[in-house]
Structures are given as C-alpha cells and as structure tokens.
Amino acid sequence: MLTAIRWLVFSISLLPFISLLCAAIQDTLGPDPADTLAIETGVWTLRFLLLSLAITPLRELSGWVRLVPYRRTFGLFALFYASVHFLTYIVFLLQFRWLEIFDDILDRPYITVGFLSFLILVVLGCTSSKVMMRKLGRRWKKIHTLVYLANILGLIHLIWILRTDLTEAVIYGSILLPLLIYRAYKYFVARRAKAGLLSRVDMA
Ligand code: HEM
C-alpha cells in the first residue's frame with residue numbers, strides 16, 4: 001500500500017514534465033515554445049521546493065510520520081525541474097552561447113540569483129542520500145537548512161522577472177512566509193531549551 005502511494009506521488013510529480021514533453025512534441029507550447037518551457041519549469045521548481053518545505057511543519061502539526069520521505073522526494077523533484085529549467089535556458093534560449101551564458105550569470109542579477117538557487121539545489125541533491133547523511137553527521141542538518149535560502153532566492157528571481165504584476169510572487173511568497181516563520185519559531189524554541197538545559201547543568 002505504502003509503495004503504491006509512493007509510486008502515485010512519483011507519477012503525479014512527473015506529470016508536469018510529461019505534459020510539457022507532449023506539448024513540445026505536438027508543437028503546442030505556444031508562439032514562443034522556449035519561453036513557455038522556461039516559465040513552466042521555473043514555476044514547477046518553485047512549487048516543488050515549497051512542497052518540500054511544507055512537509056516538516058505538516059508532519060509536526062499532524063503527527064503523520066509517513067509524510068517524512070516525501071520531503072526528499074519533492075526536494076529531488078525541485079532539483080529535477082530546476083535542471084530542466086537550466087537546460088532549457090542553455091539549449092533553447094541561449095543556444096549554447098557559453099560566453100553569453102557566463103556573462104548573464106555574472107552580470108544579470110536575476111540570472112545570478114537563479115543560478116545561486118540552482119547551485120544550492122545541486123548541493124542538497126548530492127547530499128540527500130542516507131549515506132551522505134551518515135557521513136556528514138550534524139553538519140547535514142545545517143547544510144540542508146539552505147533549502148530555505150534556495151526558496152528565497154527563487155522567489156527573488158521570480159520578482160525580478162515579473163517586475164510589475166507581482167501577483168504570482170505574492171501567492172508563492174504568502175506560502176513561503178508562514179513556512180519561514182514556523183522554522184524561525186522552532187529554531188528559537190530549540191535554542192531556549194538548550195540554554196535552559198545548560199544553565200541547569202551549570203547550577204548542578
Ligand atoms: C540555473 C539558473 C537559472 C536560470 C539561468 C534561470 C533563467 C530563467 C529564465 C531565462 C526565465 C524566463 C524569463 C522570462 O520569462 O523572460 C526564468 C523563469 C523562471 N524561473 Fe528561472 N532560472 C534559473 C533558476 C531558477 C530556480 C532555481 C528557480 C526556482 C527556485 C527559478 C524559478 C523561475 C520561475 C518561477 C520562472 C517563471 C517566471 C514567470 O512566471 O514568468 N529559476 N528563469
């Protein structure tokens with residue numbers, strides 16, 4: 001049953017990619033197919049990142065531990081869509097003009113920010129396995145809090161692209177903000193508890 005649900009989640013997560021692929025094959029991506037691909041894959045990267053971030057609070061508030069593996073699943077799907085997004089940019093938008101690509105990454109702030117977010121996702125993807133978790137020990141958790149930064153950078157990237165009509169950014173931002181507040185709250189509660197414990201040890 002559990003494996004069936006995992007397969008279902010996996011297949012549903014692949015659907016946006018498959019539908020984009022079908023539209024590309026049938027040439028129904030609209031007047032500017034490369035731009036549509038860039039926009040759609042970018043949006044799905046952000047959605048999967050937010051989904052991945054939402055898992056921990058959902059698990060803690062609902063007590064439903066079975067949600068835990070999906071944090072990694074959604075995180076890896078965010079990396080997958082970000083890779084397709086980056087490839088779309090290299091292959092279709094900039095058509096392998098490497099010098100221009102490097103210039104863009106260095107000189108165009110919205111590309112720089114998107115690229116930084118992508119690099120973080122690559123690091124998180126490479127360190128997401130159980131083996132890496134064991135190897136990195138306590139550092140693993142610290143490294144993986146970078147997912148919040150990746151999300152914030154992704155949102156800044158979007159705001160920079162949208163410029164005037166920020167409706168889309170406001171929608172994603174209003175999902176991200178409570179998740180950030182929840183994380184900050186947990187962090188301060190844990191710090192307080194630790195400080196309390198240390199002072200009790202000192203007094204003893
Ligand atoms: C590898 C680095 C990246 C590059 C070079 C890049 C480049 C681009 C480009 C060229 C567009 C199309 C802009 C337009 O419509 O004119 C775009 C759109 C978008 N990107 Fe990225 N991006 C990168 C990483 C990311 C990441 C990591 C995220 C998410 C966390 C992201 C989220 C988005 C979103 C949401 C859009 C759609 C904007 C819209 O709705 O119009 N991008 N990106």
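What share of the 204 residues in the protein chain is buried? Buried residues make up 20%, where buried means 20 or more other C-beta atoms within 10 Å of the residue's own, with C-beta atoms placed from the backbone.

Some ground rules. This is a predicted model, where local features need pLDDT of at least 70, side-chain atom pairs count only at pLDDT 80 or more, and totals for chains, interfaces and linings use all residues. Residues are numbered from 1 along each chain as its sequence is written.

Now the fold. The protein chain has nine helices and zero strands; these are DSSP runs, H or I of at least four residues for helices, E of at least two for strands, numbered from the N terminus. The C-alpha trace spans about 70 × 45 × 35 Å along its principal axes.

Helix α2 covers residues 33-62, and helix α3 covers residues 68-93. Their axes lie 8 Å apart, at an angle of about 165 degrees. Axes are lines fitted to C-alpha atoms over the stretch in contact, and angles run from 0 to 180 degrees between N-to-C directions. α2 and α3 are therefore roughly antiparallel, the term for angles over 145 degrees.

Finally, the ligand. Of the 23 residues around the ligand, Gly 42, Gly 114, Ser 117, Phe 118 and Gly 154 come nearest. A residue counts as near if its C-beta atom, placed from the backbone, lies within 6 Å. Two or more shell residues come from each of α2, α3, α5 (109-126) and α8 (146-162). α2 gives the most, with eight residues.

Note on methods
Parallel < 35°, antiparallel > 145°, perpendicular 65-115°, else oblique. Buried ≥ 20, exposed ≤ 12 C-beta atoms within 10 Å, placed from the backbone.
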